[in-house]
Amino acid sequence: MTSKIPIILDGDPGHDDAIAWMLAKASAWLEILACTSVSGNQSIEKTSYNARRVMTLLGIDAPFAMGREEPLHGEPIHAGNIHGETGLDGPALPDPTIEAEPINAVELMAKTIAASDKPVTIVATGPLTNVGALLILYPELKPKIAHISIMGGGLAHGNWTPAAEFNILVDPEAADVVFKSGLQLTMAGLDVTLKALVFPEDFERIRALGNPIAVVVAEWLDFFYTFHRSIGYAGAPVHDAVAVAALIKPEILTARDYYVQVETSGDFCRGATVADHYGFSQQPPNTHALVDIDREAFIDLLAEAAAWYGKESE
Ligand code: BDR
Ligand code: CA
């Protein structure tokens, strides 16, 4: 095997963030250098606690640091209606054994990237507050960032407003910095993630693996599906795991390259990711936008990752 891709996991766990981290930890292609939390699905206190619990559960042995509560501009927005009061309601999880570093998320990202021999990939599955701040505060590190793989946005529509997806809407100014950065950017937006549906029979396949992580993943899916079923979905869209799948199995995804801009103002469209389909801007593409997924292969990927934890503990 060629050497592993060094990554930083930045997210707001969150059921689908947790499943994304489960997929990343199980992958032979990825090396997790650090994890960081961001305010989003719940307050920064809650997402940080959840991040530490998830790292402990999965055995992610890497430094962790907390982000901040506020986006770069405006007030925080949380999604307790989807992820519950804790931000990760559902199965009981272990008390965290991972402590937060005495530096903030952006400082840990910078320190990790500066210390890495190889350019680092950032997998961002929450609002882009930390990544945007990193690029503003440490522009000299940009050559050492290989790739940013995000879950966020959507070419066709939003899920928190008609135009905006949650992660981008929470911090459009940070997202704007990321999309304008000139760095390699993969966007797992709603165009693809709403096709990354995990159906109840898939939960049962994962549950039947029987190892403790697989059972927790199935219970996260049970919880995550409760909300989505109530709004008419046939399965749980495990949005954030697509940003990890893009690194380890890009062949199961279909992508198009576009110049994408983030709307930071507007009465109706703040937080929209606007793709230039017809070249009006005369700008080269800045975004590798994922638009479709082989759903069955995605389920296999999740199930194989969940099975890995059983083999690892033998
Ligand atoms: C995104 O919002 C959050 O609720 C999920 O964790 C995902 O990152 C989907 O819009
Ligand atoms: Ca998330």
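"Buried" here means under 20% relative accessible area, "exposed" means over 50%, and "partly exposed" is anything in between (1.4 Å probe, protein chains only). This is a predicted model, where local features need pLDDT of at least 70, side-chain atom pairs count only at pLDDT 80 or more, and totals for chains, interfaces and linings use all residues. Residues are numbered from 1 along each chain as its sequence is written, chains are lettered from A and ligands numbered from 1 in the order in which they are written, and side-chain values use heavy atoms, with hydrogens and water left out.

View 1. Cysteine 269 is partly exposed, at 36% relative accessible area. Cysteine 35, on the other hand, sits at 0% and counts as buried.

**View 2. Helix H7, mostly covered.** Helices (H or I, at least four residues) and strands (E, at least two) are DSSP runs, numbered from the N terminus.

**View 3. The calcium ion (ligand 2) and its donors.** Donors are N, O and S atoms within 2.8 Å of the metal (3.2 Å for Na, K and Ca); water is not among the atoms, so sites may look incomplete. Asp12 (OD), Asp17 (OD), Asp17 (OD), Thr125 (O) and Asp240 (OD) coordinate the ion at 2.2 to 2.6 Å. Along the chain, these donors are spaced as D-x4-D-x107-T-x114-D.

**View 4. Distant parts of the chain, linked by a pair of residues.** Aspartate 12 lies in the loop between strand S1 (5-11) and helix H1 (15-26), while threonine 125 lies in the loop between strand S4 (120-124) and helix H5 (129-137), 113 residues apart. Aspartate 12 is buried at 0% relative accessible area, and threonine 125 is buried at 1%.
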